[in-house]
Amino acid sequence: MAESREHNSPTSPPPHLVQMDALDRDDMLDYFTRAESFRAGAAADQRHAGRIVATLFYEPSTRTRLSFESAALRLGAQTLGFSDPAASSAAKGEMLIDTIRTVERYADLIVLRHPAEGAARLAAQVASVPIVNAGDGGHEHPTQTLFDLYTIHRRRGSLNGLTLGLTGDLKYGRTVHSLALAAAAFGVTLIFIAPEPLQVPAHLRGRLEDMTVVRTAASLDGVIDKLDALYVTRVQRERMDPAEAAALGPPHALGPTDLRTARDDLLVLHPLPRVTEIDPAVDEDPRAWYFEQLADGVVMRMAILDVLLSGAAPLPLGGGAKRPPPEDPPWRESPDAKGMTCGNPNCVTRRERGVMMRTISRGGVRSCAYCDWCVEPGRAVHSSR
Ligand code: NCD
């Protein structure tokens, strides 16, 4: 597994789960198998007794935080953390990397949810314990994806030849971005069903088109009958400026009428919380699977914690020694991005002090190494010199 590959040397960098593209198909299938074994009761051995999992949630959460804590407890680990940044030193202006360099001395693994895009990648650059991205702004949410895909795989037996429809907020929906990338890695056909202002960002669409068949539709009409799974999401108003939010009409609410032409074995999923985008009358439909799948989230998060905790050296107590600095610290300017500022106002490089822009290249396209926005002249990244 790329970022989550096991390691045993205390001097090698810890494995993390930060972005979907660090996992290939085999890695994801391996996670499905591990989750399945926890479903069958493999946790009874309390295999991570004595370990500590920290949950640092700078944004609201019900399911992600509680299911991670439930998963940790079921593995015998204990948990600590905060769910309200206003009650942490973030309220005093502490930088994220300083919080990470503190909590890594208290816990064996950190589950992080943060409003800035690329925050988990930044944390992974400085942390000596595994970082799990539990959602970074409107960017990615890989652990939600692993269990969304696991649910589809379990119900269908395979992901081969499937068609997945994604609807709601495809622009800011981090669950959509991670799920689309992971499903595309399996060659799943993607249909993005949303009005233009809520469509998938161009830079992500470009990546997906290199991987699989991608279509768009303005509404479910004439599309729903072609789907194996329909992923419905909430409009992320908290990520929009007021004018953008005001310009949007009320979202379409999926209702029993929409499902009339859908297949009997369609899977309707939603990462939750549901607000108005699914009529509660749909909950009774046997194709509605968004509450049934929640248990998949616990066993998948057990699998994730198990892989990462098994690979990480136990927390050294006693201390006193100065840690070696990270090999590639975020405050060192990299030649590839000299003088550049990320064009994404929500990128962690623009929200956190002292973090320098970096770029990566995929298939000849350069992007911000934190938030994945494209670095093309005149498009997303500005030169400040
Ligand atoms: C999602 C999230 O936080 O991105 N929820 C979740 O983790 N289950 C979706 C949302 O908030 O709309």
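This is a predicted model: local features need pLDDT of at least 70, side-chain atom pairs count only at pLDDT 80 or more; totals for chains, interfaces and linings use all residues.
**Stop 1: Ala123**

Now show its surroundings. Leaving out residues up to four places away in sequence, Ala123 touches Ile100, Leu112 and Ile131. Asp98 and Ala123 are 25 residues apart along the chain, and 9.5 Å separates their C-alpha atoms.

**Stop 2: the five-stranded sheet**

Next, colour the strands β7, β6, β5, β8 and β9. In that order they form an open sheet with parallel pairing. Which strands stand at the edges? They are β7 (214–217) and β9 (267–269). Each has a single partner strand, so one side of each lacks a neighbour in the sheet. From one strand to the next, the twist averages 20°.

**Stop 3: β6, β7 and a helix**

Strand β6 (residues 189–193) pairs with β7 in the parallel sense, over four bridges. Pick Ile193 and look across to β7: Ala217 stands opposite. Then select helix α7, residues 202–209. Helix α7 packs on the sheet and touches both β6 and β7. Its direction makes about 135° with that of β7.

**Stop 4**

Select β8, residues 229–232, and show side chains. Ala229 and Tyr231 point one way. Leu230 and Val232 point the other way. Are these four residues buried or exposed? All are buried.

Keep Leu230 in view. On one partner strand, β5 (residues 163–167), four bridges make the parallel link to β8. There Gly165 stands opposite Leu230. On the other, β9 runs parallel to β8 and is joined to β8 by three bridges. There Val268 stands opposite Leu230.

**Stop 5: the cavity**

Finish inside the protein. How many cavities of 30 Å³ or more does the structure hold? There is one. The volume of the largest cavity is about 40 Å³. To outline it, select Leu149, Ile152, Leu159, Leu162, Thr163, Leu164, Ala183, Val188, Asp228 and Ala229. Helix α5 (142–156) and strand β5 are the elements that give two or more residues to this lining. By type, the lining residues comprise eight nonpolar, one polar and one charged.

Methods:
Residues are numbered from 1 along each chain as its sequence is written. Side-chain values use heavy atoms; hydrogens and water are left out. Contact means heavy atoms within 4.5 Å. Two strands pair if DSSP finds at least two bridges between them. Axes are lines fitted to C-alpha atoms, for helices over the stretch in contact, and angles run from 0 to 180 degrees between N-to-C directions. Buried means under 20% relative accessible area, exposed over 50%, partly exposed in between (1.4 Å probe, protein chains only). On a 1 Å grid over the protein atoms alone, a cavity is a set of points where a 1.4 Å probe fits but cannot get out, and a pocket is an open set with protein on both sides within 12 Å along at least five of seven lines; lining residues have an atom within 4 Å of a point. Grid points are joined across faces, edges and corners, and a volume is the space filled by probe spheres set on the points. Ala, Val, Leu, Ile, Met, Phe, Trp, Tyr, Cys and Pro count as nonpolar, Asp, Glu, Lys and Arg as charged, and the others, Gly among them, as polar.
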